[in-house]
Amino acid sequence: MDLENLLRRTYGFEAFRPGQREVIAKVLEGNDVIALLPTGMGKSMCYQLPAHVLPGSVLIVSPLLSLMQDQVAQLKKMGEKSVVAINSFMKPEDKEKIWNSLGTYRFIFISPEMLVQPFVKKQLQRIHISLLVADEAHCISQWGFDFRPDYLRIAEILPLLNHPRILALTATATAKVTEEIKQYLKIQDPFVYTHPMDRKNLVYDIKKFDGQREKLDWLTSFVQQCEGPGIIYAGTRKKAQQLSTHLSNLHISSSHYHGGMDYEDRIFVQQQFQNGELDWVCSTNAFGMGVHIPNIRHVIHFQLPTSVEGYVQEVGRAGRDGGPALATLMYAEGDEGLLESLVMDELPTTREIEEVYACKTDPERLVAQGIVRETALRIISYWQSQLPLEGTIKQIRQLQEEKIKQAAKIRKLVTIDGCIRQYISQCFEQQLLEKPENCCVNDGIDYSVFQSRTRTLKKQDPVNWRDRLNALFSLQGY
């Protein structure tokens with residue numbers, strides 16, 4: 001098959017990006033595939049093009065509602081009409097319409113939570129699924145930086161769908177994570193494509209400060225000198241809001257984003273950012289998946305991320321247009337305390353595990369009563385179906401040890417004297433063959449590349465409710 005001609009006829013592109021052709025060819029040959037492609041390398045094309053050749057539908061399991069909505073919007077911009085995202089926010093009449101015409105959709109996006117619902121499984125059984133895509137597949141692995149226990153249940157539906165071929169896509173996965181993806185998706189002999197994760201246009205900087213006041217002063221000066229768009233990552237929701245308020249008070253176009261916000265508010269901020277109405281978004285790590293903005297010039301970590309894998313995923317959202325982009329990691333003495341706290345908060349405590357195991361009926365009430373966190377309950381519930389109490393406690397302790405190891409790599413990243421780019425490549429068991437001229441702070445950075453600001457700073461006009469509704473309706477395709 002002439003894949004270049006198919007690409008040109010279908011989407012108007014003259015050539016594949018590195019890795020795309022190899023992955024697509026193997027999918028069309030009938031292989032199960034695990035593809036590790038850096039952020040911005042066009043992973044979505046690896047299932048979009050095969051969908052125009054394979055019979056039936058392509059089912060894409062996606063971890064975030066905002067990511068699904070963005071992928072649907074991107075496909076519609078490319079002229080695709082037979083695409084749908086199934087989620088719990090849909091109106092009953094819209095769901096009914098989708099179920100009645102499910103087999104007519106070329107692309108079906110769904111969350112892992114919806115995927116395993118009995119009614120949904122029955123509906124999917126009625127149609128022909130030729131390819132199942134596990135997007136952000138590192139979420140499957142308990143050793144991944146963004147472990148999602150609901151992803152472990154994807155394999156349950158494979159026999160019901162007559163074992164479609166599988167495509168697992170991720171930007172960041174170590175050999176350990178890749179092996180777990182194979183295990184949990186029950187892939188016997190997949191074709192594994194691993195592209196070097198280093199992107200030469202990203203420049204790695206580290207700024208060290210005596211205290212938090214100095215960090216904020218530097219950030220203030222930096223955003224006033226350097227043009228966005230950019231993302232500022234904070235370790236907590238509270239800090240993300242504080243940073244956004246601080247910048248807004250300086251008449252700098254910014255907003256905040258985190259998982260505790262209403263769905264409509266998060267979508268609105270994402271849409272503003274994508275439309276160029278915001279220069280900066282101050283966010284927790286909840287922001288970024290599916291944000292297709294090619295000209296992001298800066299990703300700043302105001303506080304330490306919890307893993308090198310998460311860090312690489314987040315900085316990879318900059319410079320998708322191939323232009324120079326600066327990744328700045330900020331550090332002040334004492335930041336390790338927050339890092340250790342965040343690492344421990346990601347997993348259930350022994351007390352939470354014991355409470356869930358002791359609850360014989362309706363463990364959800366433990367969440368309502370504030371005894372167990374919702375995220376902890378999801379993790380415990382999965383292992384409860386597999387292991388006795390002692391086994392689950394042991395499992396969680398092993399995960400905590402792994403998280404501590406991941407955090408130690410971040411601490412080393414801040415303190416090393418050698419090349420940061422080389423160290424990051426080593427964390428992914430890859431060899432760095434060459435360095436760009438503008439590499440990292442330890443090899444010297446030409447900051448003049450990033451210090452232009454052509455836009456005039458001005459106070460944002462308040463968005464009225466009509467503009468807000470119009471933006472939301474536009475995103476939803478109304």
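Is Glu264 buried, exposed or partly exposed? The views below come from a predicted model, and the first of them takes up this residue.

**View 1. Glu264 in helix H12.** Glu264 belongs to helix H12, which covers residues 263-274. Its relative accessibility is 39%. Buried means under 20% and exposed means over 50%, so Glu264 counts as partly exposed. In sequence, 123 residues separate Glu264 from Leu387, and in space their C-alpha atoms are 38 Å apart.

**View 2. The largest nonpolar core.** This core has 56 residues. The members that touch the most others are Leu59, Ile86, Leu124 and Leu185. Helix H17, residues 374-384, gives the most to this core, with six residues. In soluble globular proteins, nonpolar side chains tend to be buried together.

**View 3. Contacts of Leu124.** Neighbours within four places in sequence are left aside here.

**View 4. Helix H2 and what covers it.** Helix H2 runs over residues 20-28, and its buried residues are Gln20, Val23, Ile24, Ala25 and Val27. Two helices are among the elements that cover these buried residues: H1 (3-11) and H3 (45-48). The cover also includes strands S1 (33-36), S5 (129-134), S6 (165-170) and S7 (191-194). Just after H2 comes Gly30, with a positive phi of about 100°.

**View 5. The six-stranded open sheet.** The strands stand in the order S8-S13-S12-S9-S11-S10, and their pairing is parallel. At the edges are S8 (202-209) and S10 (254-257), each of which pairs on one side only. From one strand to the next, the twist averages 20°.

**View 6. The pairing of S10 with S11.** Strand S11 covers residues 280-283 and runs parallel to S10. How many bridges join S10 to S11? There are four bridges.

View 7. Helix H13, residues 308-315, lies across S8, S9 (230-233), S12 (298-301) and S13 (325-332). The helix runs at about 150° to S12.

Methods: Residues numbered from 1 in each chain as written. Predicted model: local features only at pLDDT ≥ 70, side-chain atom pairs only at ≥ 80, totals over all residues. Heavy atoms only, no water. Core = buried A, V, L, I, M, F, W, Y, C linked by side-chain atoms within 4.5 Å. Buried < 20%, exposed > 50% of the residue type's maximum accessible area, 1.4 Å probe, protein only. Contact = heavy atoms within 4.5 Å. Pairing = 2+ DSSP bridges. Axes fitted to C-alpha atoms, helices over the stretch in contact; angles between N-to-C directions.
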